[in-house]
Number of protein chains: 2
Amino acid sequence: MPQTIQMFGIEGMPEVRAGDDLAALIVEAAKRQKLAIQDGDILVVTQKVVSKAEGRVVRLSAVEPSPLALRWAEAYGRDPRHVEVILRESRRIIRMERGIIVSETRHGFKCANAGVDASNLPEEGTVSLLPEDPDASAERIRSGVRARLGAEVAVVVSDTFGRPWREGATNVAVGVAGLNPLKDYRGGTDPYGRPLRTTVIAVADELAAAAELATNKVTRVPVALIRGYDYQQTEQAGARALIRPPEQDLFP
Amino acid sequence: MPQTIQMFGIEGMPEVRAGDDLAALIVEAAKRQKLAIQDGDILVVTQKVVSKAEGRVVRLSAVEPSPLALRWAEAYGRDPRHVEVILRESRRIIRMERGIIVSETRHGFKCANAGVDASNLPEEGTVSLLPEDPDASAERIRSGVRARLGAEVAVVVSDTFGRPWREGATNVAVGVAGLNPLKDYRGGTDPYGRPLRTTVIAVADELAAAAELATNKVTRVPVALIRGYDYQQTEQAGARALIRPPEQDLFP
């Protein structure tokens, strides 16, 4: 019998509002579709609903754009207040070219627009920010599921990031709780007894990418459940472990 | 009933040798584990077995290292003939620092070591190269499966690539046949009727990443089958469509 991994999209989630208990909403939606969340399951939750539940939504009418934001927005036909929020969410600008801003977020993630995004928000004139501490967000969902069901799950908070060199974006992990985001083969050998070249795999990013196939930007399926993947349980490491320190990066 | 995607690791593949018919080996291994390959299934095949079947393995004793390869190998304690093969498989060096070579392969992929790799090869003193034309490799497996089973599948050839900014490597698509590697949301709207920010998703890379969770570097599971993902069938696009042209890249 082959190793089988299953992925389910969790449907029928209500519109998420600031202050909502996301673990409760996920548990109830899963129950409605007769999906019993179990020990060892992995919940992959897209960033947008996490940010909404945590009130990480900014009304643009309250934002005063800086001169840099005004100039950039004018040059590329964007909303200067939206650009201002991107700058505020950044601790360092990596590229600012052809209308694209790639920056390092306050968490250390490197991505376009510092994770600031106007899509999938019910109110016009608002943008969402990344969670303040996405690893803590993941942990809250994890402990909320445990409190309700007694099930020991892992949680990945995912967002859609572009990347250098390759067309198209993929989902990656911005928050992780309960599993080691990196699988380390160092010291391991191949079936012929020789050391493995690629020593560390970013399994949390692979889980986020896999879950994107089961969730859907258009039809409101913001959570996927992955079952049957034998991950390394840990309380220690969050998605922060996926951030390469600039001093070790050939592309800082 | 939620949308369910299933992934199976295809076990019990024999050692693959130059000239082997990979489609036949996959079909037989799947049959032995009572897995009936169906229309709409996606086979994700790791690069190493494709390269072996295609004889893309180089004996280092036949390689004459260049002065650059000799100097670099000496500085970082590597085999100069291995370094020479990396240089030969590159059309451009992007970074050559701290013992790491990041280059653009002859196909246009940007990765470490030009995809040249000494692991998972039965013979000591050999290294494997990427397939000559990985999209054609994927297509051969696809038509081989069709010829044997009548099943219309899609095929992704995957390899493990590192990336800037994030720790750990993930599997990505280097060859694609039968599915559109990019899912294009351009012109689409979110549930609130507003345009989507992230417009193009690299689903072939997400499929490769997902499959890595079901395959295994150590225990010889080089192929995964993904079932239940509703992809866009096409004869047109290969993994070449995932290569961002340097002139459109902020990180050329």
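Me: How many residues of chain A are in contact with chain B?

Reply: Two residues are in contact if their C-beta atoms, placed from the backbone, lie within 7 Å. Here 65 residues of chain A are in contact with 65 residues of chain B. This is a predicted model, in which local features need pLDDT of at least 70, side-chain atom pairs count only at pLDDT 80 or more, and totals for chains, interfaces and linings use all residues. Residues are numbered from 1 along each chain as its sequence is written, and chains are lettered from A and ligands numbered from 1 in the order in which they are written.

Me: Which elements of chain A give two or more residues to the side that touches chain B?

Reply: Helices (H or I, at least four residues) and strands (E, at least two) are DSSP runs, numbered from the N terminus. On the side of chain A that touches chain B, the elements giving two or more residues are strands S1 (4–10), S4 (90–97), S5 (100–105) and S11 (200–201), with helix H6 (203–212).

Me: What is that side made of, by class?

Reply: Ala, Val, Leu, Ile, Met, Phe, Trp, Tyr, Cys and Pro count as nonpolar, Asp, Glu, Lys and Arg as charged, and the others, Gly among them, as polar. The side of chain A that touches chain B has 35 nonpolar, 12 polar and 18 charged residues.

Me: In which sense do S1(A) and strand S1 of chain B pair?

Reply: Two strands pair if DSSP finds at least two bridges between them. S1(A) and strand S1 (residues 4–10) of chain B pair in the antiparallel sense over five bridges. Within this pair, A:Ile5 stands opposite B:Met7 in S1(B).

Me: Which strand of chain B is joined to S4 by six bridges?

Reply: Strand S4 (residues 90–97) of chain B runs antiparallel to strand S5 (residues 100–105) of chain B, and six bridges join them. B:Glu97 stands opposite B:Ile100 in S5(B). S4(B) and S5(B) form a hairpin with two residues between them, and B:Arg98 in the turn has a positive phi of about 50 degrees.
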